[in-house]
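The following note sets out a few points on the ligand site and on one strand. They may be read alongside the sequence and the coordinates.

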Amino acid sequence: MWHLGHTLLGKVGCLGGVCGACTVMARPSDQALPKTALACQTMVSEGMEISFLPSDASKKALALLPEAAPSRDTLFQYYPETRRCVACQACSSICPQEIDVMAGVRDVLMGDLPAVAERFDSCVMCGLCAAVCESTVRPHRVGLYARRLHGAFYPQTPSHLLDRIDEISAGRYQAEWSDLMEASSSDKGNV
Amino acid sequence: MGKMETSKKRVDDSRLSRKNEDMPRLSPEEKDALVHRYHPDYKDEAYAEIRIGANKGERTVHEVARLLEGESPFFEKSVPLSPTHQVDVLIVGGGGAGATAALAAKAAGASVLMSTKLRLGDSNTVMAEGGMQVAVAPEDSPVRHFVDSLKGGQMANDRTLLRTLVEEGPSVAKWLIDIGVLFDREGDGNLSLRAGGGSSLPRLLRCKDYTGLELMRVLKDCVLNEEINVLEFSPVLELLTDGEGTCTGAILKNLDTGKLIVVQAKTVILATGGIGRLHIQGFPTSNHYGATGDALSMSYRAGAVLTLQDTFQYHPTGSVFPEAMAGLLVTEAIRSAGAHLLNIHGERFVYELETRDAVASAVIRECQEGRGVETPAGRKGVWLDMPLVDLMNGEGTLKNRFPNMVRQFSRYEINIQKEPVLIYPTLHYQNGGVKINVDCESSIKNLFVAGEASGGIHGRNRLMGNSLLDIVVYGKRSGNAASRRAEEAAHGKLTLDHLKIFHEARKAAGVMSETISPLLFPDYVNKN
Ligand SMILES: Cc1cc2nc3c(=O)[nH]c(=O)nc-3n(C[C@H](O)[C@H](O)[C@H](O)COP(=O)(O)OP(=O)(O)OC[C@H]3O[C@@H](n4cnc5c(N)ncnc54)[C@H](O)[C@@H]3O)c2cc1C
Ligand code: SF4
Ligand code: SF4
Ligand code: FES
């Protein structure tokens, strides 16, 4: 594209298929209808029609994490419109990451946080699902909020991590550090 | 059958018999010799002496020297310096380090403004796949993490910075979990740990192969929740000083309107990331579109000291085929999971989990000595045999643990579960950067630097997973330190006086180039 003289400042980010900045409609010349894709992940073919789509413009709710473990209502508190999903499939068909977005919305409605989390793990937050939803659902936003809730209130504790933090604050490694910092302060330190 | 196909068949045919084969590790002497002979860091023609500034007399690659010695876009231009914004802390860069710094500064009570070149989150951070190193396992320790990193860094790491990195690792991991980052877990709730090159124990926390995406999604969400003011597509083009060596603000440019924005800030944090898009020595890169080393040239002109500007990381496994994927990273975690590297004859030639500098050097050796495979576009590479991962760890491992990688290649009709791919080193990371102390302050007062833009933590070669840790540990530290400083500092005078001093130095040293820096976007972009 650049070599053809395009500027493309606003529609490029990572160039690696993960930032969601470069959504396009692309139609190979032998097809009737275009498909959505990430431009940086699309092999251009002779005669292909390409048109860039706008970046995600959906509003994010100021959804802070709650103090206590979440319930299903925690999700609806910020994204009440999720309940209005009419299962039309539009979001699933447009997702350039091939996520079954509608199923993710259904998981939200069931309050199944682990399932939502899994469903949206490859979401690049391009916002196309929200842009096409007639019922004003913002699947990626409620999906991310559900993931964060699941992460922050994970059912089990990472005990090794917590133990290590305690050890460090109790000064367990002090002696080793003193020896080591001394030994390694010269470049030839034997570590 | 073409040469490429014949060679590929050799790889396919030998897969089963290679499965349990041992590959000897390099002795320290062998590794040294290999790296000195083949690593791009040791290619003399690629280097120039820096003629002016704080690091005068040291060497760096031509691409960086050109920018460091470049002239400011505002030199001898009359720019009205009345501030459009006045804040405590200006944060430059919307990647992981910038976002973390903004959150920390805001939490500490400072008023915060963020400037970013692209959108918030479009960065190298979002692309990280492999994971983040934290010494979590009971048999592991921060001390061990320190020793591994020091060895990996060829003993050139700043010891204090490195110690802080590894000691604060566990608590920042906890912080990330608390804000809802969903790391992979074991059945008992413990964090799942993976091995990485150069590490003596499995120490990588990860979210499948979307670790950076997950981190960035959550950090961005937090920044939006905090209603931090972010100016997108508005990069910083120049720093402002009081004329006496203290940083007092910056000039930004709104890329849409072309208008300049003058920010008066008590402290500035540069978190502009790396240099991949300079395509040093002609290498392809794994980096995002905005990785043009802007912090280096801007801070250097204002008088900052840089460190380790002569060393870059070439990730051993960048894709070279198809052409459209050239430079794209194949995560090291694939090799940790058992993938082999093979030359045109289908022979292994290096233990795959040596440090990156050694593996990259070995790949370059194979290609230089005629044992590489040529792609239709004329690039050279060697095979990375990924189907082995499934063979060793069970069917479906690639799909479950590396879904992004499987998808990326499948878009070009390559099934990595069945066939090997061609790789060659890709420009990946700036090992050095702006010299900082443990609070991220540079040699310029009130100018802080965090993340890949800073240097010293990783020595001459960063270990996999230490950068994501770096951006969170030092992102936080910079945000805290900058807001503490802002409490006691007043807004300073806004001048461009340092440009005159720099220009005089250029003249005295006979630097004639017309290069303007920072670069902002890669050379091949039509900027008009
Ligand atoms: C493909 C890939 C995979 C990686 N995998 C891993 C991994 O598994 N583990 C690991 O630890 N590390 C990994 N790394 C390295 C790591 O991701 C980066 O080093 C790290 O994320 C850098 O973070 P940062 O915040 O310093 O910079 P970035 O995340 O690059 O953010 C820099 C930001 O500054 C903006 N910017 C640039 N110039 C300006 C300017 N003039 N004005 C305003 N804004 C500007 C950019 O647009 C961007 O938003 C990987 C890197 C890449 C590219
Ligand atoms: S587009 Fe909206 S209404 Fe249709 S399935 Fe998706 S979320 Fe439901
Ligand atoms: S779920 Fe929505 S926001 Fe996420 S990648 Fe798919 S279309 Fe884009
Ligand atoms: S540029 Fe980031 S997904 Fe294409």
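1. The shell around ligand 1 comprises 12 nonpolar, 22 polar and 6 charged residues. It should be kept in mind throughout that the model is predicted.

2. In total, 40 residues surround ligand 1. The closest of them are Thr125(B), Gly130(B), Glu452(B), Ser467(B) and Leu468(B).

3. A nitrogen atom of ligand 1 lies 3.2 Å from a polar backbone atom of Lys117(B). An oxygen atom of the ligand is placed 3.1 Å from a polar backbone atom of Asp122(B), and for Gly465(B) the distance from a ligand oxygen to a polar backbone atom is 3.4 Å.

4. How much of ligand 1 does the protein bury? The ligand taken alone exposes 1,000 Å², and 99% of that is buried by the protein.

5. In chain B, the elements contributing two or more residues to the shell around ligand 1 are α4 (96-107), β16 (421-430) and α14 (466-488). The greatest contribution comes from α14(B), which gives 4 residues.

6. Strand β16(B) also has a strand partner: 6 bridges join β12(B) to β16(B), and the two run antiparallel. Within this pairing, Gln313(B) stands opposite Tyr429(B) of β16(B).

Conventions: Residues numbered from 1 in each chain as written. Chains lettered and ligands numbered in written order. Predicted model: local features only at pLDDT ≥ 70, side-chain atom pairs only at ≥ 80, totals over all residues. Heavy atoms only, no water. Near = heavy atom within 4 Å. Polar contact = N/O pair within 3.5 Å; in protein donor to acceptor, adjacent residues only side chain to side chain. Areas by Shrake-Rupley, 256 points an atom, 1.4 Å probe, with all protein chains shown as cover. Nonpolar A, V, L, I, M, F, W, Y, C, P; charged D, E, K, R; others polar. Pairing = 2+ DSSP bridges.
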